[in-house]
Amino acid sequence: MTTQTQPMVLLKGIRKHFGSHEVLKGIDLTVERGKIVSIIGPSGSGKSTLLRSINMLEPPNAGEIWLNGELVNQPLTGRAYETHINAVRQKMGKVFQQFNLFPHLTALQNLTIGPIKLKGVSPAEAKVQAMELLAKVGLADKADAYPARLSGGQKQRVAIARALAMRPQVMLFDEATSALDPELVDEVNLVMKQLAAEQMTMLIVTHEMNFAAEVSDWVLFMEDGLVVEQGPPEQVLKNPVMARTQSFLRKHLAS
Amino acid sequence: MMLDFSVVPPYAGVLLNGLLWTLLITALATTIATVCGILFALILLYAPLVLRWPVRFICFLIMGTPLLLQLFLVYYGLSQVGVNLPAFWTGVAALGLHYAVYNAQIMRTAILGVDPGQTEASRALGFGRLATLRHFILPQALLVATPQLGNNTLILLKDTALLSVIGITELVLSSQLSISRTFRPFEFYLTIAALYYVINLGMEWVLRRLARRLEAIK
C-alpha cells in the first residue's frame with residue numbers, strides 16, 4: 001500500500017463521552033489528500049470535540065484515528081505515548097478560535113520556536129522560512145511585533161502561519177473566525193482560501209455557510225454527536241435531504 | 001542633639017565592608033528565594049504527594065514563625081546538636097528559604113493564571129509536558145510575577161539586617177561596631193539608613209524597567 005492511495009485522515013467509529021454525557025456517538029470520516037472538509041452544525045453538536053479528538057487534545061473513548069496510514073490513538077501509555085503523540089501532532093496544524101498565540105514571543109518567534117525546538121531547524125533557517133510564511137499571510141512588516149500589538153485578524157493570520165511553520169500534512173481549523181469582528185473575517189478567510197488553492201488538506205469547523213460552500217469539497221452536518229448528513233456542498237448546503245439540516249440552514253442563512 | 005558627621009569618614013572602610021556583605025547576602029538569598037520559590041511552586045502544583053507533603057510542611061513551618069526566631073533556631077539550635085555550619089551560609093540559606101516560601105505562593109498563582117489555551121497551543125504544536133512548562137508556561141508566569149517577586153526582594157534587602165544577630169558584619173552590625181568605638185549612634189544609624197535608601201532606589205529602578213518590558217506583551 002503506497003501513501004498515495006491512503007486517505008490523509010480516516011476516522012472510524014469515534015466515540016467520546018464526558019461522564020455519562022455522550023458527545024460523539026460513532027463518527028466515520030474519510031478525508032483524501034488535498035481535500036477540504038467543512039463540519040457544520042449547531043452549538044453542542046460535537047463538531048469541535050471531533051476536531052479536538054483528531055489530534056488527541058480530547059482523546060476519544062472508542063474508535064480509530066488514522067493520519068496518512070499511521071494510527072494516531074495507539075494504545076500506548078506513559079513516555080511511549082508522549083513521544084508518539086508529540087511526533088504525530090507535529091504533522092497536524094491546529095488553529096484555535098481564540099488564536100492562542102504565545103504573548104511573550106514576537107510574531108516571528110511564535111513561528112520559529114516550534115521548528116527550532118521540535119525539529120532541530122537552525123535558528124537562521126527557521127527565520128527565513130518564518131519570514132516567507134509571514135509574507136504569505138501579509139504580515140511580514142509585523143515580524144517583530146508582540147501579539148498584544150496585533151488586531152484579531154492579524155493574530156489569527158500569525159496563528160495560521162505558526163501552524164504552517166511545522167509543515168503539517170493537514171490543517172485543523174476550529175471556528176477560526178468566530179472570535180473576530182465581522183470586518184476582520186475576510187482577511188482570515190482569504191488566507192484559508194489561499195491554502196485551499198495550494199491543495200492543503202483541511203478540516204474546518206465553521207459557522208459560516210457561505211465560506212463552507214465556497215471552499216469545501218465535502219460538508220458534514222452534525223447534531224447530537226452524530227453525522228446527520230454529508231456530501232458535496234451543493235447537496236448538503238443547497239439541497240439538503242434531511243429535515244434537520246434544512247431547518248438548521250434556514251435559521252443560519254436567514255440571520 | 002548635635003549631629004557631627006565628621007566621625008563617620010574614619011569608619012568608611014568598616015561601613016563599606018558592611019555594605020558589600022549586605023549586597024552579597026541580598027544577591028545570594030534572592031537567588032535561593034527565586035530558584036527555590038519556582039521549584040516549590042512546581043512541586044506544590046505537579047509533583048507526587050511524597051514530594052508535595054514535605055514542601056507543604058516546610059511552608060507551614062516557615063510561614064508560622066518570625067525570621068529572627070528561625071535564624072536563632074537554625075544557627076544556635078544546630079550547633080547544640082553538634083552541627084556547626086558557617087554563620088554566613090546558615091544566614092543566607094535561612095533568609096533565602098524564608099522568602100522562597102512566599103515566592104512559591106506568588107509563582108503558584110501566576111502559573112495557574114496562565115491561559116489554558118497556551119498549553120493547548122503548545123501541545124498541539126507537538127511540545128511535551130515539560131517543554132510546554134519550560135518554553136511557554138514558566139516564562140509567562142515569571143513575567144506576571146516579576147513585580148511581586150521584586151517587591152519581596154526589596155523586603156528581603158531590609159531583612160538582611162537580621163543576620164547581624166548571628167554575627168554577620170552586614171551594614172547594621174558594622175554600624176554598631178563603629179558606634180561602640182565612637183559612642184555616636186545617630187551619625188552612623190543615619191548614614192546606613194541613607195545607604196539602604198540608595199540600594200532601594202537602585203532596585204526600584206531595575207524593577208520599573210522590568211515592568212515596562214512587561215507592558216509590551218500585555
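Start by selecting residues 161-180 of chain B in this predicted model: the stretch is 50% helix and 0% strand, and its end C-alpha atoms sit 18 Å apart. Next, select residues 186-207 of chain B, where the span is 100% helix, with 0% strand, and the end C-alpha atoms are 31 Å apart.

Both stretches carry a label in UniProt: the unreviewed entry lists 161-180 and 186-207 of chain B under "transmembrane region".

Now bring chain A into view and turn to the interface. Here 22 residues of chain B are in contact with 25 residues of chain A. Together the two chains bury about 2000 Å², and carbon and sulfur atoms give 59% of that area.

For a close-up, show the side chains of Glu82(A) and Arg129(B). They form a salt bridge, with 3.5 Å between the closest N and O atoms. Across the interface of chain B and chain A, the rule finds three salt bridges. Seven residue pairs, both at pLDDT 80 or more, are in polar contact between the chains.

Then colour three helices of chain B: H5 (116-125), H6 (129-159) and H8 (185-217) each supply at least two residues of the side that touches chain A. Which helix gives the most to that side of chain B? Select H5(B), which contributes eight residues.

Finish by colouring the side of chain B that touches chain A by residue class: you will find nine nonpolar, seven polar and six charged residues there.

Definitions and conventions: Residues numbered from 1 in each chain as written. Chains lettered and ligands numbered in written order. Predicted model: local features only at pLDDT ≥ 70, side-chain atom pairs only at ≥ 80, totals over all residues. Heavy atoms only, no water. UniProt positions renumbered as here; feature names shortened; annotations may be inferred. Helix = DSSP H or I, 4+ residues; strand = E, 2+ residues; numbered from the N terminus. Contact = heavy atoms within 4.5 Å. Buried area = accessible area lost by both parts, 1.4 Å probe. Salt bridge = Lys/Arg side-chain N within 4 Å of Asp/Glu carboxyl O. Polar contact = N/O pair within 3.5 Å; in protein donor to acceptor, adjacent residues only side chain to side chain. Nonpolar A, V, L, I, M, F, W, Y, C, P; charged D, E, K, R; others polar.
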